[in-house]
Amino acid sequence: MALYDTLGTTYGLTRRPDPRIAAQIHAALGDVADVVNVGAGTGSYEPPHTVLAVEPSRVMLAQRPPGSAPSVCAVAERLPLRDDAADAVLALLTVHHWTDLPAGIAELRRVARRRVVVLTWDQTVFRERFWLVREYLPQAAALDDARAVAIDRLADLLGGVRQQPVPVPHDCIDGFGAAFWRRPHAYLDPRVRAGISLFAQAGEEVVAPGLARLAGDLADGRWHTRHAGLLGLGSIDVGYRLLVAEV
């Protein structure tokens, strides 16, 4: 069973593409004629010129909206495509789930004629700058250390990259890990947490004590006092990165 056969059952409710992040991803793709989306999930951020979506979870594939690109149930490490199949290959918040990272990156490079674009995060920056994991969920962050992929390692495997920070807007529509940095009450909602793999993979016994502390700090105003400086910001950089590699 694919991981997101379990984690992705309610994904479509909270994980919708944010137009500002979408614009940055599409700009990174540039003037490519066609795209293969690997680890495509429900199709968030998928450009209109996508020719194939590759996703190992049938639960996620079933949530792709009508009119989406054709899709195939397969893994990144064994893409069912010929060499140089598309101008660009896209991989968004997926590489940390792969079982064989070098094999998966080699497949992206094999299939791409011109460009590979990867959205990931820098765990060192994430742990330092994101208040939720730093103050309330250090054990979950420690678990994330094991699955996060170092940016330098990805860059080496991709053969050199241009790296772009991806700021998270304060009203981000896409409910990924740090999306609610200025809306802390959202993390107390189990529907929100269900769409964030950090929570789902850490397990309730790990996150429950931290969430209880967060609820208390919100109730008595301590969170707002401690993080007053965040409340006027339009976006923050907590480590999400776009890596663009020319093939």
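Analyst: Happy to. In helix 9 (residues 151-158), the buried residues are Ile151, Leu154, Ala155 and Leu158. Helices here are DSSP runs of H or I with at least four residues, strands are runs of E with at least two, and both are numbered from the N terminus. This is a predicted model, in which local features need pLDDT of at least 70 and side-chain atom pairs count only at pLDDT 80 or more, while totals for chains, interfaces and linings use all residues. Residues are numbered from 1 along each chain as its sequence is written, and side-chain values use heavy atoms, leaving out hydrogens and water.

User: What covers the buried residues of helix 9?

Analyst: The cover includes helix 5 (101-111), strand 5 (112-121), strand 6 (162-165) and strand 9 (240-246).

User: Why are helix 5 and helix 9 called oblique to each other?

Analyst: Their axes come within 9 Å and cross at roughly 45 degrees. Angles under 35 degrees count as roughly parallel, over 145 as roughly antiparallel, 65 to 115 as roughly perpendicular and the rest as oblique, so helix 5 and helix 9 are oblique. The contact (heavy atoms within 4.5 Å) is made by Leu101, Pro102, Ile105 and Arg109 of helix 5 with Arg153, Leu154, Leu157 and Leu158 of helix 9.

**Aromatic rings**

User: How many aromatic pairs does a search of the whole structure find?

Analyst: The search finds 10 aromatic pairs. One is Phe130 with Trp131, at 5.7 Å centre to centre and 65 degrees between the planes. Rings of Phe, Tyr and Trp (its six-membered ring) pair if their centres lie within 6.5 Å; planes under 30 degrees apart count as stacked, over 60 as edge-to-face and the rest as tilted. Phe130 and Trp131 are therefore an edge-to-face pair.

User: How do you know that Phe130 is buried?

Analyst: Its relative accessible area is 0%. Buried means under 20%, exposed over 50% and partly exposed in between, with a 1.4 Å probe and protein chains only, so Phe130 counts as buried. Trp131, at 1%, is buried too.

Notes
Axes are lines fitted to C-alpha atoms, for helices over the stretch in contact, and angles run from 0 to 180 degrees between N-to-C directions.
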